[in-house]
Amino acid sequence: AFLASFVQRAEMHAGLVNIRDDSEESILESFTAAEKDKIEAMRTTPNLYSKLANSIAPTVYGHEEIKRGILLMLFGGVHKHSPKDGTKLRGDINCCLVGDPSTAKSNFLKYVCSILPRAVYASGKASSAAGLTASVTKDEETGEFCIEAGALMLADNGVCCIDEFDKMEAHDQVAIHEAMEQQTISIAKAGIQATLNARASILAAANPQDGRYDRRKSLRQNLNLTSAIMSRFDLFFVVLDQQDDRLDMAIANHIVALHQHSDLSHIEAQPAYTTSELQRYIRYARALKPQLSDEASRVLVEAYKDLRRGDMAEAGGSYRVTVRQLEALIRLGEARARVELDHEVKGRHIAEAKRLLKQSIIHVERDPVDVMADDEMDEELQRQAEMAEEAERRRQAQGDSADGGDGADGADDPDGRGGRDAKGASAKPASDLQGARKASTCTFEKFRKVARSIILYIRAHEVPS
């Protein structure tokens, strides 16, 4: 038996406003004329995007890029459903915060849980696969098997915040693969076969393997996560605890002011909008379904090609750029259009989505490479590397691999003397080269450019088997 003395709607709990709803018409009808006028006034505010982002987690100083990413996650993309074949494409955006300890990662998760009525907070270390998805248990009274909802099911049409995401066991991470991409949870246990909805965005926080983030390693090497999990996140944000006197002073003043006055009235960076204003604006914007324009479609294709090209050139980069990153660009562009209450996704929205996505592909710092070369040969290799890359870009633009191979050949040996010079240099005795060569150091980027030119040259002259 169940006895209740009081019942209220979930979105009315603690004065919160539910920013997600299945019916767009009910959202628009729930606003009064005065609220709609205020939302329209907010839309015409200059620098609205930055002001909305700065209103996210005002107790946390800085981290503007993370706040922009969380803002777009709250706005979300457009859920697409094809009535003909039943195809569904998710519109929820998944974000992961990675960084050093004491960089306010958990504060962002707690803030998101505090402003949404349907947000669930979980810890990866203390959560199992059944606790995150669903489990089948036997009812004590009836003896029948029933399904108990996990965190992702409880966060349906909401946000699931998972802290210590890297501490999850490998088999527990595999259990949420389906929930992160298909947004469903399938169960086949104890005679129960069911497919349950888990239409939730995931905001995760993870720590590097060695305690602190090593910039000489890639994101994949710093994280204890599989490639399958990493590809399902639309955005990664790497937070580094770097020593900076000016920044340290600003953070210290911010924290001291919070502890001294226990409110936001005395901090230097005042939020432009209150939490209730932010909730109402996001709820209104999520009723819109912006469509991709022709300009945005062209920018999307070029952005994806650019990311793929950069991923190929960045040996040992953060993670592979796949088609999921293309879909992430679309979702982020739709969310950016919703920020402006625009019914059409434009090129500048995709440009902002690409900029945020490239923040995930953090450049790896490499130690300088020691080489033995003379200055003239060093400059010649640099010139040939630049010409080879230019020829490769022309070949990819033309789409003709045969012509591109000839272009790379001509770029690497424009005057026809490259092969003879190389033979002549190799034919010299080692005693003659000893005096001409000297030890020098070049940056890893320069070394990688020269190595890439050699690869392009070999690829262009490779005889097909």
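This is a predicted model: local features need pLDDT of at least 70, side-chain atom pairs count only at pLDDT 80 or more; totals for chains, interfaces and linings use all residues.
**Notebook: rings, charges and a helix crossing**

I looked up burial first: Phe165 is buried, and Phe233 is too (buried is under 20% relative accessible area, exposed over 50%, partly exposed in between, with a 1.4 Å probe and protein chains only). Residues are numbered from 1 along each chain as its sequence is written, and side-chain values use heavy atoms, with hydrogens and water left out.

Next, ring pairs. I took rings of Phe, Tyr and Trp (its six-membered ring) as paired if their centres lie within 6.5 Å, calling planes under 30 degrees apart stacked, over 60 edge-to-face and the rest tilted. That rule gives four aromatic pairs. One of them is Phe165 with Phe233, edge-to-face at 5.6 Å centre to centre and 85 degrees between the planes. Phe233 also pairs edge-to-face with Phe236, at 5.4 Å and 65 degrees. I find both Phe233 and Phe236 buried. Ring pairs join Phe165, Phe233 and Phe236 into a cluster.

Then charges over rings (NZ of Lys or CZ of Arg within 6 Å of the ring centre and within 35 degrees of the ring normal). Lys110 sits over the face of Tyr121, 3.8 Å from the ring centre.

Last, I checked which residues touch between H2 and H13, with contact meaning heavy atoms within 4.5 Å. Glu35, Lys36, Lys38, Ile39, Met42 and Arg43 in H2 meet Glu277, Arg280, Tyr281 and Tyr284 in H13 (helices are DSSP runs of H or I, at least four residues, numbered from the N terminus).

How values were computed:
Helices (H or I, at least four residues) and strands (E, at least two) are DSSP runs, numbered from the N terminus.
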